[in-house]
Amino acid sequence: MAPVLDPMVGRYVRLDIDGTPHRLYFEEAGSGIPLVCLHTAGADGRQFRHLLADPEITSRFRVIAFDMPWHGKSTPPDGWEKTEYRLTTASYTATIRAFCQALELDRPVVMGCSIGGRIVLNLAIAHAAEFRALVALEAADFQQPWYDTAWLHRPDVHGGEVCAALISGLIAPQSPPVSRHETLWMYMQGGPGIFKGDLYFYRVDGDLREKVKSIDTDVCPLYLLTGEYDFSCTAEDTLRTAAQIPGAQVQVMKELGHFPMSENPARFREYILPVLEKIAAA
Amino acid sequence: MTPADCFAKLPDLLSDDADLLRRGRWLSVDCRIDIGSEPFHLTLAQGALAAFERGPRLMLSTVFTVRATDDAWHHHWRRMPEPGWHDLFALTKRGAASFEGDLRPLLQNLQYFKDLLALPRRLPEAP
């Protein structure tokens, strides 16, 4: 019997980010407009596996999901054991631009979720002309913290389990149990302190209040979509952000939470297909 | 039925959940859960309820307390809770609940406690 294979393929790309050599893992499927997908804090590119396997998307888009440095199957940089990982606006932006350049992508679409959504807003602020369109999932210029990140990395609390348990509440109760637990599994597999290091960008370094007002959607269209059950980046946070950006297209997604692409792929598809349709038609 | 009356059924709800008992097998702790103004004192031993007392107890030590308003528990225990009421941290973020005391055992067993405190959703009386 022939093997049953998912359509995406995975490879490693060598590149320099701010002068440091990296080896990043990515998966891709399809052909057409490059669509680069950015995973949430403390997770990896597997969150986008349903988009990578959707013929309606891959028939028009080359979908690419990479694991950020320190995440998933990407190798941490040499000497990682002597440093404390901390993501910043500058390092995150440099990573995305370096990846797009390394793969020689021509004006890709970038879609990011959570911290990926926040950095998409920064791409719109600082590098809009490099992108065909930007899609920010579960994104806002700022959000109120709802727990102390010190609990995420300490020897007396299992990091994987506490990370997963904390974010479990951000998944909508309607999401299928299998998809919920697959989403949680990815959080249980993060490296020690990595989720916490990502949240440094989210909570401390990545405040984009005021800056989002400078986004010009004539240069690059911007779409914002947020699940109604996301109490970390609330619908109100996203609507407030969108209201400051003329031309931004915003939608609140019913019965979805903070991880729409992995917690309920079928429901998310109903929202993202029309957005991708508009981008492809532009 | 008041939220406290719902929570009073916790022993039966937990003993019916073999998976939650299995996941709590490393956990033993004394904690307090306040349903509005009514305190409940829980003694958990290897994930099971060794003791469960309703009402004020003078000078009873507890490691940590989870408290929320009657309204918060009422919304939290709806069979399909509304956005913003569906998770303990959604409740604390909106100011309708709080955690106090030594939170280490709570965080070490966070999914267990989230699931334990959501069990009243399974009651036939759940709104």
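**Exercise 1. The sheet of chain B**

In which sense do strand β4 (residues 64–68) of chain B and β5(B) pair, and over how many bridges?

Solution. The model is predicted: local features need pLDDT of at least 70, side-chain atom pairs count only at pLDDT 80 or more, and totals for chains, interfaces and linings use all residues. Residues are numbered from 1 along each chain as its sequence is written, chains are lettered from A and ligands numbered from 1 in the order in which they are written, and side-chain values use heavy atoms, with hydrogens and water left out.

Step 1. Strands (E, at least two residues) and helices (H or I, at least four) are DSSP runs, numbered from the N terminus. Two strands pair if DSSP finds at least two bridges between them.

Step 2. β4 and β5 of chain B pair in the antiparallel sense, over 5 bridges. B:Phe64 has B:Gly101 in β5(B) as its bridge partner.

Step 3. The open sheet holds 5 strands in the order β3-β2-β1-β4-β5 (chain B), and its pairing is mixed. At the edges are β3 (48–54) and β5 (97–101) of chain B, each pairing on one side only.

**Exercise 2. The interface of chains A and B**

Solution. Step 1. Count residues in contact (heavy atoms within 4.5 Å). Here 16 residues of chain B touch 21 residues of chain A.

Step 1. Take the buried area, which is the accessible area (1.4 Å probe) that two parts lose on being put together, summed over both. Chains B and A bury about 1,600 Å² between them, with 67% of it on carbon and sulfur atoms. In chain B, the residues that lose the most area to chain A are B:His86, B:Lys93 and B:Leu107, together 34% of what that side buries.

Step 2. Look for salt bridges (a side-chain nitrogen of Lys or Arg within 4 Å of a carboxyl oxygen of Asp or Glu). The count between the two chains is 1. B:Arg104 and A:Asp156 meet in a salt bridge through their side chains, at 3.2 Å from N to O. The elements of chain B that give two or more residues to the side touching chain A are α5 (88–93), α6 (104–108) and α7 (110–116).

**Exercise 3. Salt bridges within the chains**

Step 1. A:Glu130 and A:Arg97 form a salt bridge whose closest N and O atoms are 2.6 Å apart. A:Glu130 lies in the loop between α4 (115–126) and β6 (133–137) of chain A, and A:Arg97 in helix α3 (residues 89–102) of chain A, so the pair ties together parts 33 residues apart in sequence.

Step 2. In the salt bridge of A:Glu270 with A:Arg267, the closest N and O atoms are 3.8 Å apart. The two are separated by about one helical turn because they are 3 residues apart in helix α10 (residues 265–281) of chain A.

Step 3. B:Arg122 and B:Asp17 meet at 2.9 Å, N to O. B:Arg122 is in the segment after α7 of chain B and B:Asp17 in the loop between α2 (10–15) and α3 (18–23) of chain B, 105 residues apart.

Step 4. For accessibility, buried means under 20% relative accessible area, exposed over 50%, and partly exposed in between (1.4 Å probe, protein chains only). B:Arg122 is exposed at 54%, whereas B:Asp17 is buried at 9%.
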